[in-house]
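Take a look at the chain below. We will start with one residue and then widen the view.

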Amino acid sequence: MMRQIGVGFGAICGVVLLLAAAGCKHKDVEQPVAEPFAAARPSPSAHVPDAAAPVNARPSGPVQFTDITAQAGIRFRHNSGAFGEKYLPETMGSGVCFIDYGRDGWQDIFLVNSMDWPGHKTHKSYPALYHNNHDGTFTDVTRQAGLDDVEMYGMGCAVGDFDNDGYDDLYVTAVGKNHLFRNLGNGRFADVTGKAGVSDPGFSTSAIWFDYDNDGKLDLFVSHYVEWSADKDQFCSLDGKNKSYCTPQAYKGQSVTLFHNLGHGRFEDVTKRAGLYDPTCKSLGIAMLDYDNDGWMDLFVANDTQPDKLYRNNHDGTFTDEGVAAGVAYGESGTTRAGMGVDAGDYDHAGRQGLLVGNFTNEGLALYHNDGSGLFRDVSVASGVATDSLRSLTFGAFFFDYDLDGLPDIFAANGHVADDISVTQPSLKYAEPPLLFRNEGRGKFEDVTGRMGAALRRPIVARGAAYADIDLDGDLDVMVTTNNGPAHLFRNDNANKNDMLRVKLVGTRSNHDGIGAKVTLTSKGVRQFAMVKSGSSYLSQSELPLTFGLGKPEPGTTVRLEIVWPSGHRDSISNIKPDQFLTIEEVKGIVAAQPIAFSASKPAGPSLGK
Ligand SMILES: [Ca+2]
Ligand SMILES: [Ca+2]
Ligand SMILES: [Ca+2]
Ligand SMILES: [Ca+2]
């Protein structure tokens with residue numbers, strides 16, 4: 001029934017019509033209450049995607065990923081600044097973030113760039129913002145957006161609406177000073193780093209927006225790698241003669257940073273007060289999770305050659321590292337690994353978030369099952385992901401349900417750090433293909449990379465990775481960055497022959513993005529659990545809307561959603577039809593519903609072998 005509902009009516013009318021027509025039941029319906037941000041916030045109807053009328057030709061055939069970078073008009077190239085000296089940061093960048101900066105319901109792309117080193121300038125390098133044209137193509141709007149006047153040695157990015165004005169803002173990490181770009185809502189961004197007090201110098205890597213004190217304002221956590229500067233650069237060599245990129249053992253670590261959002265555009269560095277100051281850390285990836293399900297956000301931080309950390313939120317502004325006690329600090333042999341990209345997700349319908357960590361070659365991906373009661377179990381080998389990833393050096397890594405069967409799968413973006421690795425280890429290569437693991441259920445994963453088309457089989461020197469449904473056909477597309485090279489946009493073709501439900505949350509008492517909100521979906525007797533999150537993967541961020549795969553279409557399928565917001569408020573909505581993009585506002589419930597516009601089976605591109 002909801003499929004017939006148009007998109008032209010306003011939010012209030014939409015709620016009434018939806019409730020009446022679709023028979024939605026709200027357990028916690030309450031009168032909207034006045035709250036401080038109400039006036040400044042946009043009407044939720046502004047979030048409705050303006051997709052064309054749905055095409056009912058449902059696709060068929062196997063899922064394939066097609067590299068559409070060129071046809072999409074994306075010409076970004078990362079500049080590592082490498083000039084032969086092999087400075088450590090050159091081999092580490094950079095990231096990609098999906099951001100719907102114009103709030104038209106279509107995900108835009110932000111790509112972080114590094115730059116030439118001082119004294120070795122050949123040209124200027126800037127990050128790139130690509131606007132989604134709603135037709136599979138993108139336009140470079142970096143200049144119009146005002147993002148082309150800060151050159152920096154960029155590493156990563158994080159997307160979150162820190163001032164709750166309804167427009168997602170951008171934090172960009174770098175070697176040197178980081179930058180906070182406030183989204184002005186008119187297509188432009190303003191550098192507000194100074195006023196906000198978040199420049200956080202050093203060697204920053206991944207960053208994350210999360211509300212650790214549940215006050216409705218997003219706080220900022222920044223991971224740092226090592227103490228490095230050009231004058232402290234060490235000489236390392238694989239062959240005893242020529243310089244190679246050093247491993248992090250050559251340098252001292254650098255502490256993570258936590259910034260508390262004070263409101264009014266200002267932040268306070270509370271790292272020490274929060275118990276997080278630790279200069280032994282060499283952190284690369286961050287995942288937010290609530291592993292003990294107490295409603296307070298915890299963090300998992302992957303450290304390169306140092307123990308990984310699980311920072312439990314103590315509810316009083318402090319954190320305690322429970323990594324060792326929880327069993328996630330070390331590999332199975334008791335050694336530290338080269339933790340890079342990370343993600344947290346309920347990959348087996350346990351109702352709790354497990355952990356995924358990308359590691360070095362010969363270490364394999366780490367997969368931890370969350371057993372509850374504060375303990376994780378290393379299931380890397382038992383699940384099948386460790387063996388098939390042993391030869392890979394994984395940076396970007398995340399859970400996502402690429403085939404929409406309801407079971408979260410795993411993507412890993414790989415590429416060695418040493419461009420000369422095959423000289424000393426001929427079995428290893430600098431460029432490596434990504435890995436896609438299909439979740440077979442019962443805790444098992446199968447490497448299906450070879451069956452996904454030629455695009456995923458091509459070796460690249462991958463670093464960042466993120467997903468979003470860029471064409472609003474219901475399935476998740478993937479973007480991967482490469483070091484000192486182009487970024488790749490891989491379109492997911494044909495996964496949407498399965499049903500799905502996509503959900504965008506709008507917080508009112510909670511932060512506007514609903515970051516930290518937990519959504520439990522029940523359909524056909526199966527419960528799926530997901531959380532709206534910033535960060536994860538490596539230097540990157542996927543889109544904020546959640547996608548739930550619902551498997552084969554069956555007549556009469558309905559879905560029930562239960563949402564626990566960071567404020568503690570609960571919303572419960574039943575009798576939802578599949579294949580919609582819903583916008584759900586805290587307390588109000590569904591405020592907009594847009595049917596998924598299926599695109600029929602796409603022809604395989606010329607680059608797609610087989
Ligand atoms: Ca904002
Ligand atoms: Ca906060
Ligand atoms: Ca799946
Ligand atoms: Ca898609």
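Predicted model: local features only at pLDDT ≥ 70, side-chain atom pairs only at ≥ 80, totals over all residues.

L550 belongs to strand β32, which covers residues 546-551. What does L550 touch beyond its neighbours within four places in sequence? Its contacts include L404, G406, N498, D499, M500 and L501. Others among them are S523, T557, V559 and P578. Take G406. In sequence, G406 and L550 are 144 residues apart. In space, their C-alpha atoms are 5.2 Å apart.

Now the whole chain. Of the contacts with a separation of 6 or more, 62% join residues 24 or more positions apart. The chain has 610 residues, and 57% of them are buried. Its secondary structure consists of six helices and 36 strands.

In soluble globular proteins, nonpolar side chains tend to be buried together. Here, the largest nonpolar core holds 168 residues. Which of them touch the most other members? They are F221, F300, L355 and A465. Leaving out residues up to four places away in sequence, F221 touches A207, I208, F210, V256, L258, I286 and L299.

Next, a sheet. Strands of a sheet pair through backbone hydrogen bonds, either parallel or antiparallel. One open sheet has four strands in the order β6-β7-β8-β9, with antiparallel pairing. Its edge strands are β6 (153-160) and β9 (189-191), each pairing on one side only. On average, neighbouring strands of this sheet are turned by 25° against each other, direction ignored. Look at β7 (residues 169-175) and β8 (residues 179-183): three bridges join these antiparallel strands. V172 stands opposite H179 in β8.

Key
Residues numbered from 1 in each chain as written. Chains lettered and ligands numbered in written order. Helix = DSSP H or I, 4+ residues; strand = E, 2+ residues; numbered from the N terminus. Buried ≥ 20, exposed ≤ 12 C-beta atoms within 10 Å, placed from the backbone. Contact = placed C-beta atoms within 7 Å. Core = buried A, V, L, I, M, F, W, Y, C linked by C-beta atoms within 7 Å. Pairing = 2+ DSSP bridges. Axes fitted to C-alpha atoms, helices over the stretch in contact; angles between N-to-C directions.
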